[in-house]
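Please look over the sequence and the model below before reading on. The paragraphs that follow go from the overall fold to single residues.

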Amino acid sequence: PLALFMAGLSILSKEWLFRITKEVGERLRSPVVIANAYHHRSDAYSSVLALLSIAWAMVGFPAADAAAGMYVFVFLNFVILDRFFVIYVFLSFLKY
């Protein structure tokens, strides 16, 4: 029960950090601060998976942790590739 509570608290706090950081980034027009906001959002998604895997393990599905770990691995690689291409396109326009 404590692990479920902490995972839920992590989700709420990371989402709150996302919203606050994104608002500050937009106000400052800072792509770096906005990118950090989305980092908080991806942490929140990972925490959702942690919450689900904890719950599944508690009801008798011990492979849930491994399954969630693989999903986080795939998800983060998609995020990394997406951000790489966004940055690449942005930097390619700076040449002109």
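Helices and strands here are DSSP runs, numbered from the N terminus: a helix is a run of H or I of at least four residues, and a strand is a run of E of at least two. In those terms, the order of elements from the N terminus on is α-α-α. The protein is more spread out than a compact globule, because its radius of gyration is 17 Å, well over the 12 Å that the globule rule gives for 96 residues. The radius is taken over C-alpha atoms, and the rule is 2.2 Å times the number of residues to the power 0.38. Along the principal axes, the C-alpha atoms fill a box of roughly 60 × 25 × 10 Å.

This is a predicted model, in which local features need pLDDT of at least 70 and side-chain atom pairs count only at pLDDT 80 or more, while totals for chains, interfaces and linings use all residues. Residues are numbered from 1 along each chain as its sequence is written, and side-chain values use heavy atoms, with hydrogens and water left out.

How much of the protein is buried? Of the 96 residues, 20% are buried, where buried means under 20% relative accessible area, exposed over 50%, and partly exposed in between (1.4 Å probe, protein chains only). Among the contacts (heavy atoms within 4.5 Å) with a separation of 6 or more, 49% are between residues 24 or more positions apart.

Now to helix H1, which spans residues 2-28 and contains Val24. Val24 counts as partly exposed because its relative accessibility is 29%. Val24 and Ile34 are ten residues apart in sequence, and their C-alpha atoms are 8.0 Å apart in space.

Glu15 is also a residue of H1. Leaving aside residues up to four places away in sequence, Glu15 touches Arg41 and Ala44. The side chains of Glu15 and Arg41 are joined by a polar contact of 2.8 Å. A polar contact is a pair of N or O atoms within 3.5 Å; within protein, one must be able to donate a hydrogen and the other to accept it, and residues adjacent in sequence count only if both atoms are side-chain atoms.

Between H1 and helix H2 (31-58) lies a loop that holds Arg29. Arg29 is not a glycine, yet it has a positive phi of about 55°. With a relative accessible area of 75%, Arg29 is exposed.
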